[in-house]
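The following note sets out numbered points on the model shown here. Each point concerns one feature and may be checked against the coordinates.

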Amino acid sequence: MTPEAFRSAGHALIDWIADYRAQVADRPVRAQVAPGDIRRQMAATPPDAPIAFDELLTALERVVVPGVTQVQHPMHFGWFPSNAALSAVLGDIACSGLGTLGISWESCPALTEVEEAVCDWMRQLAGLSDAWQGTIHDTASTACLTSLLVARERRSEYSEFAGGLQMLDRPLTVYASDQAHSSVVKAALLAGFGHDNLRLVASDPATRALSPDALEQAIEADLAAGRVPAAVVASLGTTGVTAFDPLPDIVRIAQRHDCWTHVDAAMAGSAMLLPECRPLFDGIEGADAISWNPHKWIGTILDTSLFYVRDPLTLNRVMSTNPSYLQSAEDGDVTQYRDWGIPLGRRFRALKLWFQLALDGPEAIRARLRRDLDNARWLEREVAQATHWRVVAPRTLQTVCIRHEPPGIAGEDLDRHTLAWLRRVNRSGRAFLSPAQLDGRWFVRVSIGVESTTRAHVERLWRILRDSAEEAQ
Ligand SMILES: Cc1ncc(COP(=O)(O)O)c(C=O)c1O
């Protein structure tokens, strides 16, 4: 494709995206397709001759759009918000259009230095001290894996440079709450700790935050059995009910046992932009690493996961590679982000954040987060006051965890009822929510935070929920 052909197709694509985004609210929220519907519309063999761009755009509309669950829809309340601010979309297009190669400082000095600057802007906006230095990973899952690899190496005298984990005669252990995200468990397993050495420590039954006493006991038991505690993952804003683990206690315990503390604040980290929410993050300055995803609530589009460490040298020692074909005269004077994570080749993701901050501005982002918190407060009050409805866990941010509990229905019958009214809502296409379990029983999470969701949408949702729960009885 020539630049001129790109210009004309690109204009058409931008027009198409602008129309699409302007009309998202007219579409069903959940993709109204059955498994295999989309695949059947894709040719079995690759294209053998080029087609016109218009034809491709028509196929995008016909094949792809019906298969999209509209997470940008104002009636989307599922999982966590996965906003894609149009200002960040422009940054993403610039990233692709520049066609950069991020494998070393030399391969694109701007990629490295804009990322350094933008990570530092986000640090300042989050109220973190200047002891932190950051980078951008694709996801919180990758950030947590990276962090646990560092924890493992730090506690095994950098075994990777000798016999690896296989040379250790005492197993390394890692700790997280029983409410931690599945990506934390996955990271611990992939980092080689092994399931037998992963402790999912009991959380407090009321707050669902990790119990420091239980953590202390688990570490003491492992020490007594000759194991070596290596890392604690603190969850600030769990996925189920947005619980905040008691970080000051965790840091104190972890430091006493020379453990690495990783903070998983994938969703809730965005709340650090609000000074009034910062007390939720007390203790953060004692942690070793923190990751949070501007691609969730703030809206910087997947894949933008910030990863900050206080000691980049330890991280670099574990992640560094320096083959002859990547060396340049500036090595030693510059940051090599390949030494901050797993991949060699990196995208120019910082442009998404830069564009969003420059075009929307932090104050507008803060106002939106505050609006969502207000809406969640409103819904929480409505549910708490409604007959036969219950808020099943304390609300800390923008997710309200609820259940309809009609008289005479309990146990598995209550589960069936919960899933029945939830599916009724989701299949209708009018709104979308996701369920989760607490103590083995299903409840529904109302996760407020799509960029276009206003109070009127939340009020409409509440009417839909009450109607669907009545109809499902
Ligand atoms: C608390 C928490 N941690 C980690 C993750 C994983 O995030 P990612 O998709 O960026 O790997 C999520 C995803 O929702 C999450 O809620």
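1. The largest pocket in this predicted model holds about 560 Å³ of space. A pocket here is, on a 1 Å grid over the protein atoms alone, an open set of points with protein on both sides within 12 Å along at least five of seven lines, and its lining residues have an atom within 4 Å of a point. Grid points are joined across faces, edges and corners, and the volume is the space filled by probe spheres set on the points. Of the 22 lining residues, Tyr20, Arg21, Gln72, Ala84 and Ile301 are the closest to the centre of the largest pocket.

2. Two or more residues of that lining come from each of H1, H3 and helix H4 (86-98), and H1 gives the largest share, 5 residues. Helices (H or I, at least four residues) and strands (E, at least two) are DSSP runs, numbered from the N terminus. By class, the lining of the largest pocket divides into 15 nonpolar, 5 polar and 2 charged residues. In this scheme Ala, Val, Leu, Ile, Met, Phe, Trp, Tyr, Cys and Pro are nonpolar, Asp, Glu, Lys and Arg are charged, and the others, Gly among them, are polar.

3. The second largest pocket has a volume of about 390 Å³. Its lining comprises 15 residues, with Met42, Pro47, Ile51, Leu56 and Ala59 nearest its centre. The largest share of this lining, 7 residues, belongs to H3. The lining of the second largest pocket has 11 nonpolar, 2 polar and 2 charged residues.

4. The structure also contains 1 cavity of 30 Å³ or more, a cavity being a set of grid points where a 1.4 Å probe fits but cannot get out. The space in the largest cavity is about 50 Å³. Among the residues that line the largest cavity are Leu101, Cys108, Gln336, Tyr337 and Arg346. The lining consists of 5 nonpolar, 5 polar and 2 charged residues.

5. The separation from a ligand oxygen atom is 2.5 Å for Ser141 and 2.8 Å for Thr239. For Asp264, a side-chain N or O atom is 2.7 Å from a nitrogen atom of the ligand. The protein covers 86% of the 390 Å² of accessible area that the ligand has on its own, by the Shrake-Rupley method with a 1.4 Å probe.

6. The count of salt bridges (a side-chain nitrogen of Lys or Arg within 4 Å of a carboxyl oxygen of Asp or Glu) comes to 29. One joins Glu61 and Arg27, at 3.5 Å from N to O. This pair links distant parts of the chain, 34 residues apart: Glu61 lies in helix H3 (residues 53-64), and Arg27 in the loop between helix H1 (3-22) and helix H2 (37-41).

7. Leu302 and Asp303 are joined by a cis peptide bond, with omega about 10 degrees; Asp303 is in the loop between strand S7 (289-292) and strand S8 (305-309). Ile301, also in the loop between S7 and S8, has a positive phi, near 70 degrees. Most residues other than glycine have a negative phi, and most peptide bonds are trans.

8. On conventions, residues are numbered from 1 along each chain as its sequence is written, and side-chain values use heavy atoms, with hydrogens and water left out. As the model is predicted, local features need pLDDT of at least 70 and side-chain atom pairs count only at pLDDT 80 or more, while totals for chains, interfaces and linings use all residues.

Notes
A polar contact is a pair of N or O atoms within 3.5 Å; within protein, one must be able to donate a hydrogen and the other to accept it, and residues adjacent in sequence count only if both atoms are side-chain atoms.
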